[in-house]
Amino acid sequence: MIKIKVENLTHKYPDGTQALNGVNIDVVEGEFLAILGANGSGKTTLLKHFNGLLKPASGSIVLDNKELNESKSADVFRKVGMVFQDPNDQLIAPTVEEDVAFGPTNLNLSYDEIISRVNDALGLVKMKEFAKKAIHALSYGQSKRICIAGILAMKPEILILDEPTSGLDPEGVKTVMKILDDLNKEHGITIILATNSVDLVPVLMDRVAIMDRGVIVQEGTPREVFTDSGKLEGLKLELPQIAQLMEALRDEEKFPINSLPLTIGQARQELSHLINIVDSVKHAGSILPGY
Ligand SMILES: Nc1ncnc2c1ncn2[C@@H]1O[C@H](COP(=O)(O)OP(=O)(O)OP(=O)(O)O)[C@@H](O)[C@H]1O
Ligand SMILES: [Mg+2]
(Lines give C-alpha, C1' and ligand atoms only; values in the text may rest on other atoms or scores of the structure.)
(Ligands and ions follow the chains in the order given, each with its own letter.)
Protein backbone atom coordinates (compact mmCIF):
# COMPACT_ATOMS: atom_id res chain seq x y z
CA MET A 1 0.00 0.00 0.00
CA ILE A 2 1.26 3.47 -0.86
CA LYS A 3 1.65 5.53 2.30
CA ILE A 4 2.95 8.76 0.76
CA LYS A 5 2.65 9.80 -2.88
CA VAL A 6 4.72 12.74 -4.06
CA GLU A 7 3.96 14.17 -7.51
CA ASN A 8 5.80 16.90 -9.40
CA LEU A 9 6.84 18.56 -6.15
CA THR A 10 8.74 21.83 -6.45
CA HIS A 11 10.00 24.17 -3.75
CA LYS A 12 11.53 27.61 -3.93
CA TYR A 13 13.05 29.24 -0.83
CA PRO A 14 12.33 32.94 -0.20
CA ASP A 15 15.84 33.89 -1.40
CA GLY A 16 15.00 32.43 -4.82
CA THR A 17 16.80 29.07 -4.47
CA GLN A 18 14.89 26.46 -6.44
CA ALA A 19 15.59 23.50 -4.12
CA LEU A 20 13.11 20.96 -5.56
CA ASN A 21 12.48 20.74 -9.28
CA GLY A 22 9.71 18.18 -9.74
CA VAL A 23 10.13 15.28 -7.33
CA ASN A 24 8.10 12.12 -7.92
CA ILE A 25 8.20 9.25 -5.47
CA ASP A 26 5.90 6.75 -3.77
CA VAL A 27 6.65 5.58 -0.24
CA VAL A 28 5.29 2.11 0.42
CA GLU A 29 3.92 1.13 3.84
CA GLY A 30 6.49 -0.74 5.95
CA GLU A 31 9.49 -0.03 3.75
CA PHE A 32 12.89 1.32 4.78
CA LEU A 33 13.70 3.92 2.14
CA ALA A 34 17.00 5.77 1.80
CA ILE A 35 17.16 9.18 0.17
CA LEU A 36 20.74 9.49 -0.95
CA GLY A 37 22.35 12.59 -2.42
CA ALA A 38 25.28 14.97 -2.29
CA ASN A 39 25.25 18.11 -0.14
CA GLY A 40 22.66 20.57 -1.36
CA SER A 41 20.84 18.03 -3.55
CA GLY A 42 17.53 18.69 -1.76
CA LYS A 43 17.19 15.83 0.76
CA THR A 44 16.32 17.96 3.81
CA THR A 45 13.98 20.14 1.77
CA LEU A 46 12.13 17.04 0.53
CA LEU A 47 11.89 15.48 4.01
CA LYS A 48 10.45 18.68 5.46
CA HIS A 49 7.57 18.39 2.97
CA PHE A 50 6.62 14.93 4.21
CA ASN A 51 5.20 16.30 7.47
CA GLY A 52 4.14 19.67 6.13
CA LEU A 53 6.95 21.72 7.70
CA LEU A 54 7.58 23.19 4.25
CA LYS A 55 4.83 23.89 1.74
CA PRO A 56 5.21 23.02 -1.94
CA ALA A 57 5.43 25.78 -4.54
CA SER A 58 3.66 23.33 -6.86
CA GLY A 59 2.86 19.63 -7.01
CA SER A 60 1.23 17.47 -4.40
CA ILE A 61 1.89 15.20 -1.43
CA VAL A 62 -0.76 12.65 -0.55
CA LEU A 63 -0.58 10.92 2.83
CA ASP A 64 -2.90 7.92 3.30
CA ASN A 65 -4.95 8.99 0.27
CA LYS A 66 -5.46 12.52 1.58
CA GLU A 67 -3.78 15.70 0.27
CA LEU A 68 -1.37 16.86 2.97
CA ASN A 69 -2.43 20.49 2.66
CA GLU A 70 -6.02 19.48 3.39
CA SER A 71 -5.06 17.56 6.57
CA LYS A 72 -4.82 19.07 10.05
CA SER A 73 -1.19 19.69 11.13
CA ALA A 74 -1.80 17.86 14.42
CA ASP A 75 -2.95 14.72 12.56
CA VAL A 76 0.06 14.84 10.26
CA PHE A 77 2.52 15.34 13.15
CA ARG A 78 0.97 12.37 14.95
CA LYS A 79 1.43 10.11 11.94
CA VAL A 80 4.75 11.38 10.64
CA GLY A 81 7.61 11.90 13.10
CA MET A 82 10.72 13.73 11.97
CA VAL A 83 14.18 13.58 13.51
CA PHE A 84 16.15 16.64 12.42
CA GLN A 85 19.69 16.72 11.08
CA ASP A 86 20.91 18.81 14.04
CA PRO A 87 19.80 17.69 17.56
CA ASN A 88 20.01 21.33 18.70
CA ASP A 89 17.06 22.12 16.43
CA GLN A 90 14.96 19.50 18.19
CA LEU A 91 15.78 19.26 21.90
CA ILE A 92 13.96 21.94 23.87
CA ALA A 93 13.30 20.84 27.46
CA PRO A 94 15.82 21.05 30.34
CA THR A 95 16.04 17.29 31.00
CA VAL A 96 15.87 14.11 28.96
CA GLU A 97 12.57 12.86 30.39
CA GLU A 98 10.91 16.26 30.02
CA ASP A 99 12.04 16.45 26.45
CA VAL A 100 10.79 12.98 25.53
CA ALA A 101 7.50 13.73 27.36
CA PHE A 102 6.98 16.95 25.37
CA GLY A 103 5.31 15.34 22.33
CA PRO A 104 2.99 12.96 24.24
CA THR A 105 1.99 15.82 26.58
CA ASN A 106 0.85 17.82 23.56
CA LEU A 107 -1.25 14.86 22.47
CA ASN A 108 -3.28 15.35 25.68
CA LEU A 109 -2.59 11.83 26.89
CA SER A 110 -3.09 10.74 30.50
CA TYR A 111 -0.18 11.13 32.94
CA ASP A 112 0.27 7.34 33.18
CA GLU A 113 0.29 6.98 29.39
CA ILE A 114 2.89 9.76 29.10
CA ILE A 115 5.15 8.10 31.70
CA SER A 116 4.78 4.75 30.01
CA ARG A 117 5.58 6.19 26.56
CA VAL A 118 8.64 8.03 27.88
CA ASN A 119 9.92 4.83 29.51
CA ASP A 120 9.28 2.74 26.41
CA ALA A 121 10.89 5.28 24.07
CA LEU A 122 13.98 5.63 26.27
CA GLY A 123 14.16 1.83 26.46
CA LEU A 124 14.04 1.51 22.68
CA VAL A 125 17.04 3.83 22.26
CA LYS A 126 18.83 2.27 25.26
CA MET A 127 18.89 5.53 27.24
CA LYS A 128 16.69 4.73 30.28
CA GLU A 129 19.42 5.51 32.78
CA PHE A 130 19.76 9.03 31.32
CA ALA A 131 16.15 10.02 32.08
CA LYS A 132 17.10 12.67 34.69
CA LYS A 133 20.14 13.99 32.84
CA ALA A 134 20.29 17.62 31.70
CA ILE A 135 19.93 17.93 27.92
CA HIS A 136 22.93 20.29 27.67
CA ALA A 137 25.12 17.67 29.38
CA LEU A 138 24.52 14.93 26.80
CA SER A 139 27.16 13.91 24.29
CA TYR A 140 26.32 14.44 20.62
CA GLY A 141 25.50 10.76 20.02
CA GLN A 142 23.37 10.59 23.15
CA SER A 143 21.44 13.68 22.10
CA LYS A 144 20.75 12.09 18.69
CA ARG A 145 19.27 9.07 20.47
CA ILE A 146 17.10 11.31 22.65
CA CYS A 147 15.80 13.04 19.50
CA ILE A 148 14.75 9.62 18.19
CA ALA A 149 13.16 8.75 21.56
CA GLY A 150 11.19 12.02 21.56
CA ILE A 151 9.69 11.14 18.20
CA LEU A 152 9.06 7.47 19.10
CA ALA A 153 7.10 8.59 22.16
CA MET A 154 4.56 10.03 19.70
CA LYS A 155 4.16 6.51 18.21
CA PRO A 156 4.38 7.65 14.60
CA GLU A 157 3.47 5.39 11.69
CA ILE A 158 6.20 6.94 9.58
CA LEU A 159 9.60 7.87 10.91
CA ILE A 160 11.67 10.38 8.95
CA LEU A 161 15.31 10.85 9.85
CA ASP A 162 17.69 13.41 8.42
CA GLU A 163 21.28 12.11 8.56
CA PRO A 164 20.74 10.22 11.86
CA THR A 165 24.26 8.81 11.90
CA SER A 166 26.28 11.91 10.98
CA GLY A 167 28.77 12.78 13.69
CA LEU A 168 28.42 9.41 15.46
CA ASP A 169 31.33 7.08 16.23
CA PRO A 170 31.23 3.58 14.65
CA GLU A 171 29.59 2.10 17.76
CA GLY A 172 27.01 4.92 17.74
CA VAL A 173 26.27 4.31 14.05
CA LYS A 174 25.75 0.59 14.74
CA THR A 175 23.48 1.28 17.72
CA VAL A 176 21.29 3.78 15.89
CA MET A 177 21.02 1.58 12.79
CA LYS A 178 20.12 -1.46 14.94
CA ILE A 179 17.39 0.61 16.63
CA LEU A 180 16.01 1.69 13.25
CA ASP A 181 16.18 -1.84 11.85
CA ASP A 182 14.20 -3.16 14.86
CA LEU A 183 11.62 -0.37 14.57
CA ASN A 184 11.13 -1.21 10.91
CA LYS A 185 11.20 -5.00 11.10
CA GLU A 186 9.69 -5.65 14.55
CA HIS A 187 7.33 -2.70 14.92
CA GLY A 188 6.39 -2.21 11.25
CA ILE A 189 7.24 1.50 11.20
CA THR A 190 7.81 2.93 7.72
CA ILE A 191 11.21 4.64 7.69
CA ILE A 192 12.56 7.28 5.33
CA LEU A 193 16.15 8.22 5.99
CA ALA A 194 18.27 10.86 4.26
CA THR A 195 21.96 10.17 4.13
CA ASN A 196 25.09 10.69 2.11
CA SER A 197 26.72 7.66 3.67
CA VAL A 198 26.59 5.05 0.89
CA ASP A 199 28.05 2.26 3.05
CA LEU A 200 24.94 2.05 5.23
CA VAL A 201 22.40 1.78 2.45
CA PRO A 202 22.83 -1.81 1.18
CA VAL A 203 23.13 -3.21 4.70
CA LEU A 204 19.69 -2.17 5.89
CA MET A 205 17.53 -0.45 3.35
CA ASP A 206 14.99 -1.96 0.97
CA ARG A 207 15.05 0.82 -1.56
CA VAL A 208 17.13 3.85 -2.40
CA ALA A 209 16.24 7.04 -4.22
CA ILE A 210 19.12 9.23 -5.38
CA MET A 211 18.63 12.99 -5.50
CA ASP A 212 20.54 15.43 -7.63
CA ARG A 213 19.78 19.14 -8.01
CA GLY A 214 16.29 18.87 -6.63
CA VAL A 215 15.05 15.79 -8.50
CA ILE A 216 15.15 12.04 -7.99
CA VAL A 217 17.45 10.75 -10.69
CA GLN A 218 17.54 7.05 -9.80
CA GLU A 219 15.43 4.74 -7.73
CA GLY A 220 15.48 1.02 -6.99
CA THR A 221 16.89 -1.64 -4.70
CA PRO A 222 20.52 -1.08 -3.60
CA ARG A 223 21.49 -3.82 -6.06
CA GLU A 224 19.77 -2.01 -8.94
CA VAL A 225 21.26 1.37 -8.09
CA PHE A 226 24.80 0.42 -7.06
CA THR A 227 25.88 -1.35 -10.23
CA ASP A 228 29.04 0.58 -11.12
CA SER A 229 31.03 3.57 -9.92
CA GLY A 230 30.79 5.46 -13.23
CA LYS A 231 27.05 5.91 -12.84
CA LEU A 232 27.46 7.49 -9.40
CA GLU A 233 30.43 9.75 -10.11
CA GLY A 234 28.41 12.47 -11.83
CA LEU A 235 26.15 12.57 -8.78
CA LYS A 236 29.10 13.29 -6.43
CA LEU A 237 28.55 9.88 -4.83
CA GLU A 238 30.51 6.67 -4.83
CA LEU A 239 29.90 2.97 -4.37
CA PRO A 240 30.12 1.52 -0.86
CA GLN A 241 33.83 0.99 -0.06
CA ILE A 242 33.61 -2.79 -0.12
CA ALA A 243 31.89 -2.61 -3.53
CA GLN A 244 34.72 -0.37 -4.80
CA LEU A 245 37.25 -3.04 -3.79
CA MET A 246 35.22 -5.80 -5.43
CA GLU A 247 34.75 -3.67 -8.55
CA ALA A 248 38.54 -3.16 -8.79
CA LEU A 249 39.10 -6.91 -8.38
CA ARG A 250 36.54 -7.57 -11.11
CA ASP A 251 37.59 -4.91 -13.63
CA GLU A 252 41.35 -4.59 -13.05
CA GLU A 253 42.37 -8.01 -11.69
CA LYS A 254 39.77 -9.83 -13.84
CA PHE A 255 38.26 -11.77 -10.93
CA PRO A 256 35.18 -13.62 -12.29
CA ILE A 257 32.60 -11.72 -10.22
CA ASN A 258 29.12 -11.62 -11.74
CA SER A 259 27.04 -9.56 -9.39
CA LEU A 260 28.92 -6.89 -7.44
CA PRO A 261 28.89 -7.54 -3.66
CA LEU A 262 27.75 -4.42 -1.78
CA THR A 263 28.28 -5.46 1.85
CA ILE A 264 31.08 -7.12 3.79
CA GLY A 265 28.87 -10.22 4.17
CA GLN A 266 28.27 -10.49 0.42
CA ALA A 267 31.95 -9.85 -0.39
CA ARG A 268 33.05 -12.50 2.10
CA GLN A 269 30.69 -15.02 0.51
CA GLU A 270 31.88 -14.17 -3.02
CA LEU A 271 35.57 -14.36 -2.05
CA SER A 272 35.09 -17.70 -0.22
CA HIS A 273 33.32 -19.00 -3.31
CA LEU A 274 36.19 -17.88 -5.57
CA ILE A 275 38.82 -19.37 -3.23
CA ASN A 276 36.92 -22.66 -3.20
CA ILE A 277 36.93 -22.72 -7.01
CA VAL A 278 40.69 -22.00 -7.10
CA ASP A 279 41.30 -24.73 -4.50
CA SER A 280 39.23 -27.29 -6.36
CA VAL A 281 40.97 -26.44 -9.66
CA LYS A 282 44.38 -26.85 -7.96
CA HIS A 283 43.28 -30.10 -6.37
CA ALA A 284 41.85 -31.40 -9.65
CA GLY A 285 45.12 -30.42 -11.35
CA SER A 286 47.24 -32.39 -8.89
CA ILE A 287 45.37 -35.64 -9.53
CA LEU A 288 45.33 -35.36 -13.30
CA PRO A 289 47.96 -37.58 -14.94
CA GLY A 290 50.88 -35.66 -16.35
CA TYR A 291 50.46 -32.63 -14.06
N1 LIG B 1 16.40 28.09 4.34
C2 LIG B 1 16.92 28.12 3.12
N3 LIG B 1 16.92 29.25 2.38
C4 LIG B 1 17.45 29.27 1.14
N5 LIG B 1 18.01 28.23 0.52
C6 LIG B 1 18.03 27.05 1.22
C7 LIG B 1 17.50 26.94 2.54
N8 LIG B 1 17.69 25.68 2.97
C9 LIG B 1 18.30 25.03 1.96
N10 LIG B 1 18.51 25.85 0.90
C11 LIG B 1 19.13 25.52 -0.40
O12 LIG B 1 18.34 24.48 -1.00
C13 LIG B 1 19.16 23.52 -1.62
C14 LIG B 1 18.88 22.14 -1.05
O15 LIG B 1 19.26 22.16 0.31
P16 LIG B 1 18.99 20.93 1.29
O17 LIG B 1 19.31 21.40 2.66
O18 LIG B 1 17.63 20.41 1.02
O19 LIG B 1 20.09 19.88 0.75
P20 LIG B 1 20.57 18.51 1.39
O21 LIG B 1 20.55 17.49 0.30
O22 LIG B 1 19.79 18.22 2.62
O23 LIG B 1 22.09 18.83 1.73
P24 LIG B 1 23.02 18.29 2.95
O25 LIG B 1 23.56 16.94 2.53
O26 LIG B 1 24.12 19.30 2.99
O27 LIG B 1 22.22 18.24 4.22
C28 LIG B 1 20.60 23.99 -1.42
O29 LIG B 1 21.00 24.67 -2.59
C30 LIG B 1 20.51 24.95 -0.25
O31 LIG B 1 21.47 25.97 -0.35
MG1 LIG C 1 20.31 18.02 4.63
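Axes here are lines fitted to C-alpha atoms, for helices over the stretch in contact, and angles run from 0 to 180 degrees between N-to-C directions. The model is a predicted one, in which local features need pLDDT of at least 70 and side-chain atom pairs count only at pLDDT 80 or more, while totals for chains, interfaces and linings use all residues. Residues are numbered from 1 along each chain as its sequence is written, with chains lettered from A and ligands numbered from 1 in the order in which they are written.

The protein has eleven helices and ten strands, taken as DSSP runs numbered from the N terminus (helices H or I, at least four residues; strands E, at least two). Its C-alpha atoms fill a box of roughly 85 × 45 × 35 Å along the principal axes. Of the 291 residues, 37% are buried, that is, have 20 or more other C-beta atoms within 10 Å of their own, with C-beta atoms placed from the backbone.

Twelve residues from domain 1 and eight residues from domain 2 make the contact, counted when C-beta atoms, placed from the backbone, lie within 7 Å. On the domain 1 side, helix H7 (201–204) and helix H8 (222–225) are the elements that give two or more residues.

Next come helices H3 (residues 96–106) and H5 (residues 140–152), whose axes come within 7 Å and cross at roughly 35°. The crossing of H3 past H5 is right-handed, meaning that the near helix is turned clockwise from the far one by less than a right angle. H3 puts in Val 96, Asp 99, Val 100, Phe 102 and Gly 103, and H5 answers with Ile 146, Ala 149 and Gly 150. Sorted by class, that makes five nonpolar, two polar and one charged residues; Ala, Val, Leu, Ile, Met, Phe, Trp, Tyr, Cys and Pro count as nonpolar, Asp, Glu, Lys and Arg as charged, and the others, Gly among them, as polar.

As for ligand 1, 13 residues surround it, the closest being Tyr 13, Ala 19, Asn 39, Thr 44 and Thr 45; a residue is near if its C-beta atom, placed from the backbone, lies within 6 Å. The shell around ligand 1 divides into two nonpolar, nine polar and two charged residues. Helix H1 (residues 43–50) gives the most to this shell, with three residues. H1 is also mostly covered, with six of its eight residues buried: Lys 43, Thr 45, Leu 46, Leu 47, His 49 and Phe 50. Just after H1, Gly 52 takes a positive phi of about 80°.

How values were computed. Two residues are in contact if their C-beta atoms, placed from the backbone, lie within 7 Å. A residue is buried if 20 or more other C-beta atoms lie within 10 Å of its own, exposed if 12 or fewer, and partly exposed in between; C-beta atoms are placed from the backbone.
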